Amino acid sequence: MSKKSQSSAPKDLTREQLIAMFRRMLLIRGFEARAKQYFEAREIAGFLHLSVGQEAVSVGACSALRKDDYITSTHRGHGDVIAKGCEPKFAFAELFGRTTGYCKGKGGSMHIADFSQGIIGATGIVSGALPTAPGIGLSIKMRKTDQVAVCFFGDGATAEGGFHEAMNLASLWQIPLIFVCANNLYGLTQPWSKTAYQCELPRRAATYNMASACVDGMDVVAVNQAVREAVARARKGGGPTFIEAKTYRYWGHYVGDPGTYMPEEEQKEWRARDAIDSISRRLQEWGYTTPEEDQHIRADVDAELDAGIEFAKQSPLAEPESALTDVYSEFDVWGNPL
Amino acid sequence: MREITYKEALKEALREELKRDERVFLMGEDIADPFGGAYKVTLGLSPEFGTERIIQTPISELGTVGACIGAALTGMRPVFDMMYIDFVGMAMDQILNQAAKIRYMSGGQAQVPMVLRTQGGMGRSSAAHHAQSLEAFFLHIPGWLVAMPSTPYDAKGLLKTAIRLNDPVAFIEHKLLYNNKGPVPEEEYTIPFGVADVKREGDDCTVVAISKTVEFALKAADTLAQEGIHIEVVDPRTLFPLDMQTIIQSVKKTGKLLVAHEAVERGGFGAELVARVASEAFGYVDAPIQRLCAPNTPPPFARQMEDFEIVNDVKIADRVRKLVRGEL
Amino acid sequence: MPFEIAMPQLGLTMETGKIVSWAVKPGDAVSPGQDICEVETDKAVVAVQAVEGGKVGKILTPVGTEAPVGATICVLLGENETLADMPAAQEKPLESVSPSAPVEQQAAAAPQAVLQADHGGVLSATWKARSLAKQQGVDLHQVEGSGPGGRIQAADVEKAAGGALLAAPATEIKISPVAARLAEKLGLPLAGIMGSGANGQIMQEDVLAAASAIIRGQKAAAPQRSQPRVKEIIPLKGVRGITSQRMAESVHTTARVTLFREVDASALVDLRQRYKERGEQVSYNDILMRICASALVEHPAANARMLNGQIELLEGASIGLAVDTDRGLMVPVVHNADQLTIAQIAAATQRLVQAARSGRISPDDLSGGTFTITNLGGLGVEGFTPVINLPESCILGVGKIVRKPVVIDEYDSIGVRPCLTLSLVFDHRVLDGASAARFLDCVAQMAESPVLMLTASHS
């Protein structure tokens, strides 16, 4: 281990924290890969929107949060929710429609939630959670706690009215909310250049008088540092922050999308900067891991994921009639008081 | 018993619940003093509770309805004030896909204890964008509860319940009811959801009416009584949960049903009710079931056109007469 | 525009009039109110005045000819008009006779075809009717529907099953549903409209003709005749309408004869007093009902009805009591009164009267009677000739109990006794005077000595 490498290690993060981030990114990528596999084998129904390539954004951000902090996510939310603390086995169970799934099979891929960990849920509508997020911030402020909330979304959502209303209200109310925009250059099949005219996202934040940052979304440490800064600001009552994290999704919009609108050159360029490769390499450079330890971590992740799949497959299928429950808290689906 | 106006009754309900539970707050456009709401329902509340609990917002329905949902998901109990139900389109995604569905999609982990107070209805020549009756929108979204009070007594009791329930409630008032006076007890009371109110008894025909149309139905009842026709006026008060039992009991007694509402006929609450009666009270129905609703048009501007469209006591009495005489 | 003078309606039943004389000829100037001709009806010769002024253009009905009511008899021309200016015959929109009923344009264009109850084997019946039919084992094909288009309604099934309609007439005026609706809209009473359809059924044209006749008659006659001004209109609907119909029907079809009998009501008074002392509310009607029931059992000829062209002697004396209510006259029935005690009858009548007055009486309670009692004594009437409650054959009118001086023994001593006049109206088609008199005698004797009820035979 050269002295040069050691000195590049981030000073405000411990070895354990960095290894945890690395592991979590591996967990996400492995989860997505297996999900794709089982989806293509028709064991998972519906749609899958996978976030492979963007792990650093999810993990970097969530690693700056406490368990009692909140996040909202998107249709491409597996990475976010696992980064915040969801266990793959229960997430797999949800995808497989089992009773042991986080949402008992009622939500599916696009709506995974775990309220006990502050995960307010992924949503199938682009920008769907954006108007909701300022309400979370408002609630924190009203209850006078020092929690914060992170709202994940992509570049595609920034064209929706809800994004602008949320930004305006967050700024007006000065709430502890952090907007984390994973700009993966594509909204559905539209490239970012065709979505906004010569716009750099942080400029949008400026129009709402909001603090902002732009980071390399393929660098988990950079993301983490930016979010930690924003969290600190928020906890102190300094109001919201907008963070653009430039990243890339390797696979199409959804499983089945060939992604032919994504030029080969561009894909190569981004994959060369892969976030997991990057942190894996740097951990070794910093002397925090050895190649053997690196392998060990990967094998461990694989084992956890395999066990998770097993668990999901063994879990009982949710009863068809359970579709009728939990529409309301106080009444059954026919309107009778519970 | 003292008589107060519908809007005073609503204000009392809000004040009492704001006092009772510090998690309750109001959010809306122009709701704080000195304006106090488009129909003055919230006048006087912001001096008492402060602008941090009576939150006045920019014109940003999607964002503010969304914010109420977010707050409701994380421990608060918001009461949103949507000035006109016609603006519901601005907030539709949050209403349709978020508030209604988060509990379900999360497998029961979440609850959304929010009230969306709004008002609709014709009669002020407010024209197409400020006079609609859109309760059918909410009725058609599983996850929402729908209440439509017609009197000050019902308004206060139902609003208090709405605020205390842990599910999203669309609380739909009517712009022409705000200044109506009615008896309201001094003592605290609530009205449960899912309990209809028979506002007038009679043997000859059942008239189910909601919101402002209830008043017209009662006036028609007076007119008809002088002709020897006695109608039973049933006010469901909540469209979901719906008290079918009371309605079926009434149809069993009279054999004849007229559903009257101000919303447009096609796909309205009347259609839902008629279908249910046709199915659940089949053997008791002795004449074609009637709907009396606004024609399928946007609300018109000119006063005479509005009058043409509004379901009033004369139209109700006319239809009942035909029904009772066996002409239909 | 030329003005047509029509043959006026000079009496409710007038259908045609004959021109007796003309006071004007073509070319004459006529001013409003001027006599223009004389018309002979079956009752009198009446002068007809011009409502509007003008010049006589044409006389269509010369002296001696008859014209139907409403037909044009004379045409008046305005200045510079000629007969060529007469408009081609067209349907003028009808004005309403009753001020409160607006006529829709559809009235003139109403469809002629009337739907039959049986649409090619498929019955038109309400859900409740079908339910009831199933329950009661009634074959819907045997049921006549009274709803629009002949739709079978619950009441029709009940009737077929043996229950009866709420005060439904035993024989109905035959009228097509379209015509009935039109007559209703125009506020026209059905009595007096001649039906031109099958079996005398009143059709739409008949109603239109009657209405237009009245309008033109009113137009022609109004200014000169001293007509009373209408203060209020009571439509012939509901109980009033049905009562009107049934009363007319009864009087026009029965051969009515009245027997008066004055009885000494001392025993009745005494008996009622005894009940009162025991704390039981019993009225004279209750006692008389029991007496009549016994008498009817003894004299079955009076417990009969004329139905379907035959006389039916009936089992059990079910006696109706005429009751005055807010909605009108109702006749609830105490079924099989001959098997009830006076106290039971009293309880029944109390329940029935309460139900009738509160508007909550059932069809069952208003039907199935074999005899009726009507009491106007409370309003001071002594004797009267009530209308028989079809299809029954007798009705007993009860008057006021009046204390009068009467001869009380064979020595012509005078004493004061409570006297009651019983008025029996009977249908001579069903029973003869002697039978009716014997029945009334039986009632009178039991009224004077109620103990005789004990010796009467039971059904």
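**Notes on a predicted three-chain model**

1. Strands count as paired if DSSP finds at least two bridges between them.

2. A word on the ground rules. This is a predicted model, in which local features need pLDDT of at least 70 and side-chain atom pairs count only at pLDDT 80 or more, while totals for chains, interfaces and linings use all residues. Residues are numbered from 1 along each chain as its sequence is written, and chains are lettered from A and ligands numbered from 1 in the order in which they are written.

3. Back inside that sheet, strand 2 (residues 16-22) and strand 4 (residues 35-40) of chain C pair in the antiparallel sense over four bridges. If you want a spot to look at, find I19(C), which stands opposite V39(C) in strand 4 of chain C. As background, strands of a sheet pair through backbone hydrogen bonds, either parallel or antiparallel.

4. Here are the chain totals. Chain C has nine helices and 21 strands, and 34% of its 459 residues count as buried (20 or more other C-beta atoms within 10 Å of the residue's own; 12 or fewer is exposed, in between is partly exposed, and C-beta atoms are placed from the backbone). Chain A has 13 helices and seven strands, with 53% of its 338 residues buried.

5. Next, contacts along the sequence, where two residues are in contact if their C-beta atoms, placed from the backbone, lie within 7 Å. Among contacts between residues at least 6 apart in sequence, 64% in chain C join residues at least 24 apart. For chain A, the corresponding share is 75%.

6. Helix 2 (residues 154-161) of chain C has a run of buried residues: A154(C), A155(C), D156(C), V157(C) and E158(C). The buried residues of this helix pack against helix 1 (127-136) of chain C. Just after helix 2 of chain C, G162(C) takes a positive phi of about 115 degrees.

7. Now to where chains A and B meet: 39 residues from chain B and 39 residues from chain A make the contact. On the chain B side, helix 3, helix 4 (92-99) and helix 5 (102-105) each give two or more residues. Helix 3 of chain B gives the most, with 10 residues. By class, the chain B side has 18 nonpolar, 18 polar and three charged residues (Ala, Val, Leu, Ile, Met, Phe, Trp, Tyr, Cys and Pro are nonpolar, Asp, Glu, Lys and Arg are charged, and the others, Gly among them, are polar).

8. One helix pair spans these two chains. The axes of helix 7 (residues 161-173) of chain A and helix 3 (residues 61-73) of chain B come within 8 Å and cross at roughly 70 degrees (axes are lines fitted to C-alpha atoms, for helices over the stretch in contact, and angles run from 0 to 180 degrees between N-to-C directions). The two helices are therefore roughly perpendicular (65 to 115 degrees; under 35 is roughly parallel, over 145 roughly antiparallel, and the rest oblique). Residues in this contact include G161(A), G162(A) and L169(A) from helix 7 of chain A, and L62(B), G63(B) and G66(B) from helix 3 of chain B. The contact divides into four nonpolar, six polar and one charged residue.

9. Within chain B, helix 1 (residues 6-20) and helix 7 (residues 152-164) pack at about 25 degrees, with their axes 8 Å apart. That makes helix 1 of chain B roughly parallel to helix 7 of chain B. Their contact has eight nonpolar, no polar and five charged residues.

10. Finally, 14 residues of chain C are in contact with 13 residues of chain B. Helix 1 of chain C gives the most to the chain C side, with four residues. That side has four nonpolar, six polar and four charged residues.
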